[in-house]
Amino acid sequence: MYSIRLYSVTTLFKNFTQQKCYFSRRARNVNKFSLYLERAKLIDSIRLCLRSSAPETSLVNILHSPTLDSFVVTNALRSAPSPVSALYLIDILKRVETFSHSQHTLHALAKTLAKSGQTGKLQALIDSINTGKFINVAYVSFMDRMRWYADAGDLNEVTSAWNEWRRTLDKHPCTESYNIVMKLSVEKGMDAEAVMVFNRMIEEGALPNCRTYTVIIQHLIKFEKLDSAFKLFQMLPLMRIRRTLKQYSMLVEAFTGADKLDVVKTLLDEMRADGILPGRAMLLSLQHMKAAGYTEETEELIKEMMPDERIKSIGYSIACTEDDIDEEDESAGNLDGVEKNDVQLKPWMDPAALASALERWEDEDVSALNDANFMWTSRLVCKLIRSFKSPETVWQFFCWVAHQPGFVHDVYTISRMITKLARNGYVWLVDELLFKIKREGMMLSFSTIRLIIDLYGFSRKGDAALDIFRNVRTICGPLSLSSQLILYSSLLRTLAKCQMNSEAFELLEEMILSGVSPDVQTFSGLMHHYALEGDIKMVQRLFGMVRQCDLEPDAYMYKILICAYCKCERSSLALRVFEDMRNSGLMPDAPTKQLLVKSLWKEGNLREAARVEEINEEAGDNIPLALPGHLYTVSTADLIRVYRIYSSCFTESPSNETQKVC
């Protein structure tokens, strides 16, 4: 963060007027980082002006700066203190003849209109965009329409856009669309409808993501179903769902309010194990815990959440004239020792834009970065590491920032750097950082280890993933049985991606011999992999191992087997699996049935194909639209269990509804 001295409004506006020619002369030669700084200062000036009682002409003068562009306007709209002030900014922009809207500014305007509840103007803007009134602006997508109307709280328009979108698709829409409808239903108090949307998501084969479970947990907490919320939260790792800071924050606040501080302590321990930096939303809860005697567990976390005193505020004192009346702006964040007619804000910063400006990492950029006097914190460095695209650039930044005054890399920044390098296959740099971690006596979180192994699958570094797995206890510490299961499953998936088939099967045997039983989704993933390789014998061997491990194949596993045999032109084996599936009381979904019938016809098994069609006609409405589950991650049983927990809190007979999911 950079520091700026306090300016009076009058002086600040004069400076902008004087700098116009200066900016225009060097605009062609300015580098990306210097341009970022100029944009950031202009955004801060707009933010300050919107929060002050400065005259309208002051904002007009600022907006006539040559630095003004769609990037500045978009971020100024997003950081406006209220929808009213954002719309005020849009109105003033009409006086700037040189400015023209882009897709980003129009989308920011649409969100502002939505948040202010002006759905009529929002629809008019959407119509203007879709009719081509604005040049080089894409047609408004169904998802954008759903998001905007959700911000406006208009469930009818959201569902209308959703249904219109669904009519254009052959399959189900994306998971995020279900999340939007669920969340808005919860906000409207339509509890049963929210549960129905989740049920529909599973029935149609959409895979719930971490935001889906955030909505469910929020819904359960709203009705004080804390035990159900916590039970669901504990299930997420075994479904390979990333637990988020927002989920932790909601649960910590809820259990602190219920005075269940032992559960809060468990949540804080698990948050550390997941490698998540605490958010400031937890501050009051942690202070309550500290007052209750949990000093050791909370002191370090509270320290991490407190504002960094090195980061100076920006602002200006309102220069009073006879025509101006000063008012206190609640959103200005007045600080101790600052007069009420002073507007104070933390400097604006966009880590993604900053990383983009530094992507080339040239000497000129580094020199300007040094002169900017940013105050580097772990949170900011983590965001930048995540935002850099080039692994070479992010490594140069990582080494550079280590030498900046007042900053020391911690386990969070090192973990973020390691995962970035693993994603791009820089094994030797990962090993170097791991060596330094061991030397410093640090321990990586379990979630980081698992992520490294997963990312080595993307970069096709199976041997490196095996090395991480073999040394996991020295860099992570002892693992529970469930953590070992998750880690084995991740490594098996990585080895399969790297075509290390023999190593994968040896690891599976080692896993079973060590007392860690693979779950159904792990077997499904391996069967799918070996089927694609054409190794039918291995697929059959794995299916036999499922029974040996006292597991019952679920509908999704049967589907994987039928599809695998059909693709290998072994429809007779696929038919046998179909019969086993029926004997287990399960039915394939329509696409799987169609594939089986097509394969039987193709291989000349006409009678068998007709028999499958006849059986499905007899089943009628009992044929599922899709079979819930996913390779390596979540099983049908997991999703049914989640649905039962969720629906039991809001419906009288969840078991009847669950039959549809099965």
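Helices (H or I, at least four residues) and strands (E, at least two) are DSSP runs, numbered from the N terminus. The structure is a predicted model in which local features need pLDDT of at least 70 and side-chain atom pairs count only at pLDDT 80 or more, while totals for chains, interfaces and linings use all residues. Residues are numbered from 1 along each chain as its sequence is written, and side-chain values use heavy atoms, with hydrogens and water left out.

The secondary structure of the chain comprises 36 helices and 3 strands. Of the 662 residues in the chain, 54% are buried, where buried means under 20% relative accessible area, exposed over 50%, and partly exposed in between (1.4 Å probe, protein chains only). The chain exposes about 31800 Å², of which carbon and sulfur atoms supply 49%; accessible areas come from the Shrake-Rupley method with a 1.4 Å probe, and for residues only the protein chains shown count as cover. Among contacts (heavy atoms within 4.5 Å) between residues at least 6 apart in sequence, 70% join residues at least 24 apart.

Several loop residues were examined individually. Asparagine 136 is located in the loop between helix H7 (119-130) and helix H8 (142-151), and with a relative accessibility of 75% asparagine 136 counts as exposed. Arginine 51, in the loop between helix H2 (32-50) and helix H3 (56-63), is instead buried, with a relative accessible area of 8%. A polar atom of the arginine 51 side chain lies 3.2 Å from the backbone oxygen of arginine 47. Such a polar contact is a pair of N or O atoms within 3.5 Å; within protein, one must be able to donate a hydrogen and the other to accept it, and residues adjacent in sequence count only if both atoms are side-chain atoms.

Aspartate 274 occupies the loop between helix H15 (261-273) and helix H16 (283-291) and is buried, its relative accessible area being 17%. Apart from neighbours within four places in sequence, aspartate 274 is in contact with Arg243, Tyr248, Ser445 and Ser447. With tyrosine 248, the contact includes a polar one between the two side chains, at 2.5 Å. The C-alpha atom of aspartate 274 is also separated by 9.9 Å from that of isoleucine 449, a residue 175 positions away along the chain.

Most residues other than glycine have a negative phi.

Helix packing was examined next. The axes of helix H29 (residues 520-532) and helix H31 (residues 555-567) come within 10 Å and cross at roughly 5 degrees. Axes are lines fitted to C-alpha atoms, for helices over the stretch in contact, and angles run from 0 to 180 degrees between N-to-C directions. H29 and H31 are therefore roughly parallel to each other, since angles under 35 degrees count as roughly parallel, over 145 as roughly antiparallel, 65 to 115 as roughly perpendicular and the rest as oblique. Val520, Phe523, Ser524, Met527, His528 and Ala531 of H29 make the contact with Met557, Ile560, Leu561 and Ala564 of H31.

In helix H20 (residues 378-387), the buried residues are Ser378, Leu380, Val381, Cys382, Leu384 and Ile385. These buried residues pack against helix H18 (351-357), helix H21 (391-401) and helix H22 (411-423).

Leucine 155, in helix H9 (residues 155-166), has a relative accessibility of 13% and counts as buried; beyond residues up to four places away in sequence, leucine 155 touches Leu184, Ser185 and Met190. Valine 612, in helix H34 (residues 606-619), counts as buried at 1% relative accessibility. Leaving aside neighbours within four places in sequence, valine 612 is in contact with Leu575, Phe578, Lys593, Leu596, Val597 and Leu600. The C-alpha atoms of valine 612 and leucine 596 are 8.3 Å apart, with a sequence separation of 16 residues.
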